[in-house]
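Keep the structure in view as you read.

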Amino acid sequence: MGAGKSTIGRLLAKELKYPFKDSDREIEVRTGADIPWIFDVEGEEGFRQREEAMIAELVQEQGIVLATGGGVVMRAANRTALAGNGLVVYLRTSVDQQLQRTAKDRQRPLLQTSDPERVLRDLMAKRDPLYLEIADLVIETDQRGPKTVVNTIVAKLQEA
């Protein structure tokens, strides 16, 4: 959360001349509801079911850059789908950086709490090992602008 997946994904897609897809935006477009509303009405489990179905569909598309929600790795089916159908880039960001980047964002249901730092630390403890498990590239994003991160990804892709 707050790693810049959508921003960096859009820039990377433009650089690579690929279409860009954001799984959260695709869910919103198809349901006609935003993610916070889905969380409110269906809970996290309802959202995660929608997310899993969307990931299964989107990974079938070839030649795209796909940004996912931060919690996508919590389901084994998503990890399998992502790892088996493309190159996975983990934009790794410290909790301190996440706090700075998400401080004023009211569109993040999991952070609507009195202690967002604790939530982010708990999420990092659970999610980081799962991202590392499926990542083909790990890119540190702290104190780095989106263009710099994109240039790093492109350079790594050219090395491969």
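The axes of H1 and H7 come within 9 Å of each other, crossing at roughly 50 degrees. Axes here are lines fitted to C-alpha atoms, for helices over the stretch in contact, with angles from 0 to 180 degrees between N-to-C directions. H1 and H7 are therefore oblique to each other, since angles under 35 degrees count as roughly parallel, over 145 as roughly antiparallel, 65 to 115 as roughly perpendicular and the rest as oblique.

On the H1 side, the residues that meet H7 are Thr 7, Ile 8, Leu 11, Leu 12, Glu 15 and Leu 16. Their partners in H7 include Pro 146, Val 150 and Leu 157 (contact means heavy atoms within 4.5 Å). By class, this contact has ten nonpolar, one polar and two charged residues.

## The largest pocket

How much space lies in the largest pocket? About 920 Å³. A pocket is an open set of points on a 1 Å grid over the protein atoms alone, where a 1.4 Å probe fits, with protein on both sides within 12 Å along at least five of seven lines; lining residues have an atom within 4 Å of a point.

The lining has 40 residues, and the closest to the pocket's centre are Leu 66, Ala 67, Leu 87, Val 88 and Val 89. H6 gives the most to this lining, with seven residues.

## About the model

This model is predicted: local features need pLDDT of at least 70, side-chain atom pairs count only at pLDDT 80 or more, and totals for chains, interfaces and linings use all residues. Residues are numbered from 1 along each chain as its sequence is written, and side-chain values use heavy atoms, leaving out hydrogens and water.

Conventions. Points joined across faces, edges and corners; volume = space filled by probe spheres on them. Helix = DSSP H or I, 4+ residues; strand = E, 2+ residues; numbered from the N terminus. Nonpolar A, V, L, I, M, F, W, Y, C, P; charged D, E, K, R; others polar.
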